Amino acid sequence: MNWEQFGYLCRINSSAQLSKSDKLRLSEKASLSIYQGDNDDSELAKALVVGVVSQDEIAAQKSATYYQCLPKLINDFKFEHKGWLVYLTFVFAFFCLSSLLYQLFVVPAFIDMYSMNQQHDHNIFDSYFRYWYVPIILLFLLLSLILSAILKLKNASVLSELKPFSGLFKVFFPRKLVKNYETLTAILFFPLSSVNSGVTTTETKHLYECEALGLNAQNEFEVLLQQQLKQFNQRAKYFINKLIIVYGAVIVVSIYLFVSAAYKPLFMYGEVL
């Protein structure tokens with residue numbers, strides 16, 4: 001179930017005019033298949049729908065009304081990842097191509113030039129030939145890590161998983177980012193508090209208080225969701241930018257070593273002349 005289908009089901013269940021049989025009829029697979037959103041199926045959307053339909057009719061109408069804002073908020077704050085994927089892949093491919101050309105043309109040219117002088121070691125590039133692939137392997141591993149992080153954050157931003165930061169991912173990603181997502185899911189389950197106690201946070205306590213004092217908490221629910229989605233998006237971008245800085249630093253160091261290896265024999269050749 002994607003979020004467009006979820007929104008459609010919420011509009012059905014929030015209606016007081018439709019009978020239960022009408023709601024069931026409109027919720028059939030043929031009707032749902034009409035709503036094809038940009039996002040993939042979401043485990044979280046399925047869990048929320050199950051919670052809504054398990055409530056009594058009045059509570060289900062109230063919960064569905066809360067959730068009608070969700071598809072639009074997710075589309076407004078989804079993590080833009082395609083630009084990063086294209087950029088990182090292009091940089092890596094360009095680096096590999098440059099390294100290959102360096103191996104085939106630049107290094108042999110310097111060796112031929114330097115071999116004219118018999119007073120120096122002809123094997124000055126031996127260590128380079130032996131370890132030239134190390135930066136490429138390191139960049140490939142780092143690229144794989146960054147791409148995995150980007151795809152994981154992309155899925156998390158559209159709320160496609162219940163617990164995207166479990167296992168090693170919980171250790172790898174910043175604690176504030178993980179906490180941000182946990183707070184977001186806690187707020188999402190607030191309308192279902194009668195069937196799912198969920199996790200209590202400062203935000204959910206505030207919503208309970210607003211509701212207890214007679215304030216319509218629906219508007220506050222939407223505002224808090226928007227706030228958490230925005231914070232998550234900002235922190236995700238900041239984290240990826242830091243990984244890209246490390247990626248760029250490895251490339252700079254590798255290029256420095258390449259240039260240093262290329263010009264060292266040239267300077268030595270100049271000394272001889």
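**An all-in-one look at helices, burial and a pocket**

Reply: The secondary structure of this protein comes to 13 helices and zero strands. This is a predicted model, where local features need pLDDT of at least 70, side-chain atom pairs count only at pLDDT 80 or more, and totals for chains, interfaces and linings use all residues. Residues are numbered from 1 along each chain as its sequence is written, and side-chain values use heavy atoms, with hydrogens and water left out.

Me: What makes the 34 Å reach of H9 close to the expected one?

Reply: The expected span is 1.5 Å times one less than the number of residues. For H9 that gives 34 Å, and its first and last C-alpha are 34 Å apart.

Me: Which residues in H9 are buried?

Reply: Buried means under 20% relative accessible area, with a 1.4 Å probe and protein chains only. Among those in H9 that pass are Ile136, Leu139, Leu143 and Lys152. Across the protein, buried residues make up 41% of 273.

Me: How do you know how the lining of the second largest pocket divides?

Reply: Ala, Val, Leu, Ile, Met, Phe, Trp, Tyr, Cys and Pro count as nonpolar, Asp, Glu, Lys and Arg as charged, and the others, Gly among them, as polar. The lining therefore divides into six nonpolar, three polar and four charged residues. Helices H1, H2, H4 and H5 each supply at least two of the lining residues.

Note on methods
Helix = DSSP H or I, 4+ residues; strand = E, 2+ residues; numbered from the N terminus. Buried < 20%, exposed > 50% of the residue type's maximum accessible area, 1.4 Å probe, protein only.
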